[in-house]
Amino acid sequence: MHSSLPDRPLLPRALPALRLDHAGRRRVDLGAVVALAAPLFLNSGIQAVLNLTDTWFLGRISAAATAAVGGVFWFTIVILLLVGGAAMAVQTLVAQAYGAGDRTRAASAVWGGLWVVLLMSPLFVAAGLAGGWFLAPARLPPEIEALALDYWFPRVAGSVAGVALWCLTSFYNGIGRTEVTLALMTVVGVANVVLNQLLGFGFELGVAGIAWATTAAQALGFLLGLWIFLRPRTRREFASHRHWRPRSDTMVRALALGLPMGLLPAADLIGTGLFQLMQVDLSTVAGAATQVTMMMTSIAYMPAIGIASAGTTLVGQSIGAGDRDWARRVGNTAIALTVAYMGLVSLVLAAAGPWSMPLFVNPADPHARAVVETAALLIWLGAAYQIFDGLNLGCGFALRGAGDVRLPALMTLLLSWLGFLPLAHMLTFAPGEGWVDWLPQFGFGALGGWAALLVYVAALGTMMALRWRSGAWQRIALD
């Protein structure tokens, strides 16, 4: 399949992860699934380590810095998703084109995504400049708000580099060459660590330096990824150099699929971001403990995204090859692996909490002991919700491979904003402390807020599983 010429794009269709047993029956080749998922797993694991590294660097500054970034971290990701959803769509479009044997269409999908990102770049800068407006409703303490704004502009305005890199890694994920994505993100990860120390402490930029380090590392990754995409081998196989001019059809396709695809996790993360802001508003200890716990649970969450992302490729390639029944089988395999991994690792993390949490605070900080004690309790609620989040991720990414994103996005939006947020507010704040006074308030603090998070994720994971099992995604056609 790797010897095709660009002027003969249609190749014999083959199903991913297919093997025949001794009786000639079709079986899912678990080894092939693992081979596809392993680089994505490691790549997402690198992202988890980066999150923890950033948290460690922030902890060296102060608990207030950790709490401030915790209050805005998810909102920066939300803006990336809302404005850069087209980059997510590239993987689905590439996987289905590759499964159909049309390699030139796979390469053109990348350029369509990159042109959309370029046109959206002013929105990233505008959102970066509007940090004060975004944070005003949260009424953060002045010290916390100042630190949050130091982080906000370089991280949000610079997200265009990360989204452009995302377009390129989505291409390699979609064609099943996930080792290229791993190599790119390893370079980004190493560069980020070096730049954190250099900018944050060498140049004494503090919180702003941590954010600029991420932006610069992602820009480096994009340039390297673009070079690989345009090197001779890729040009021969995919004609990647022929379709760089903007085309309305590829751009519209990326936007039409990418907007709801980005809205789904964005709606979820808006709820998570507001939840974290509630904890920051409650107290510095609750905010810092919540941030540390979130970053710890990302050790389970981030690699699981890699496994689930393999499900997007497997389902998309199967649909492109014209076999939706096989798409269901490989999707089920990816979902099962995602749930199993998250369930096991989250329990290990919870058990190790008392020993690992002190690593993320400055021992000289007056809040250090209280942050560690609170986080060691929260991690158990985090472990419980991660099991259901595995179901949410596995089913959600499988649905993404089929292009079924609109109804899941709407379900997530309604459940997060109309269910989770009111419940988190009621369980977190005591009467007279909250953001609104028309909701009952029970004052259980950070533990109450995390209990609400557990209820929400359990409901979301169940809804995604029911959507996948319904088979409605089998009737969707992207072309």
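Helices here are DSSP runs of H or I with at least four residues, strands are DSSP runs of E with at least two, and both are numbered from the N terminus. The model is predicted: local features need pLDDT of at least 70, side-chain atom pairs count only at pLDDT 80 or more, and totals for chains, interfaces and linings use all residues. Residues are numbered from 1 along each chain as its sequence is written, and side-chain values use heavy atoms, with hydrogens and water left out.

Start with Ala239. This residue sits in the loop between helix H10 (232-238) and helix H11 (248-282). Ala239 has a relative accessible area of 1%, so it is buried (under 20% is buried, over 50% exposed, in between partly exposed; 1.4 Å probe, protein chains only).

Ala17 also has a positive phi, about 55°, although it is not a glycine. It lies in the segment before strand S1 (18-20). At 11% relative accessibility, Ala17 counts as buried.

Turn to another loop. Gly403 lies between helix H15 (368-401) and helix H16 (406-428). Its relative accessible area is 10%, so Gly403 is buried. Leaving out residues up to four places away in sequence, Gly403 touches Thr92, Leu257, Ile476 and Leu478; contact means heavy atoms within 4.5 Å. Pro260 is 143 residues from Gly403 in sequence, yet their C-alpha atoms are 9.9 Å apart.

Gln91 belongs to helix H3 (residues 85-99). It is buried, with a relative accessible area of 4%. Beyond four places in sequence, Gln91 touches Ser170, Asn173, Gly174, Ser309, Thr312 and Thr313. A polar atom of the Gln91 side chain lies 3.1 Å from the backbone oxygen of Ser309.

Next comes a helix pair. Helix H4 (residues 103-129) and helix H7 (residues 159-174) pack at about 170°, with axes 9 Å apart. Axes are lines fitted to C-alpha atoms, for helices over the stretch in contact, and angles run from 0 to 180 degrees between N-to-C directions. H4 is therefore roughly antiparallel to H7 (under 35 degrees is roughly parallel, over 145 roughly antiparallel, 65 to 115 roughly perpendicular, the rest oblique). Among the contact residues are Val110, Leu114 and Phe124 of H4 and Val163, Leu168 and Phe171 of H7.

Finish with helix H17 (residues 445-470). At 1.5 Å a residue, its 26 residues should span 38 Å, and its end C-alpha atoms are 38 Å apart, which agrees. The expected span is 1.5 Å times one less than the number of residues. Just after H17, Gly471 takes a positive phi of about 75°.

How values were computed: A polar contact is a pair of N or O atoms within 3.5 Å; within protein, one must be able to donate a hydrogen and the other to accept it, and residues adjacent in sequence count only if both atoms are side-chain atoms.
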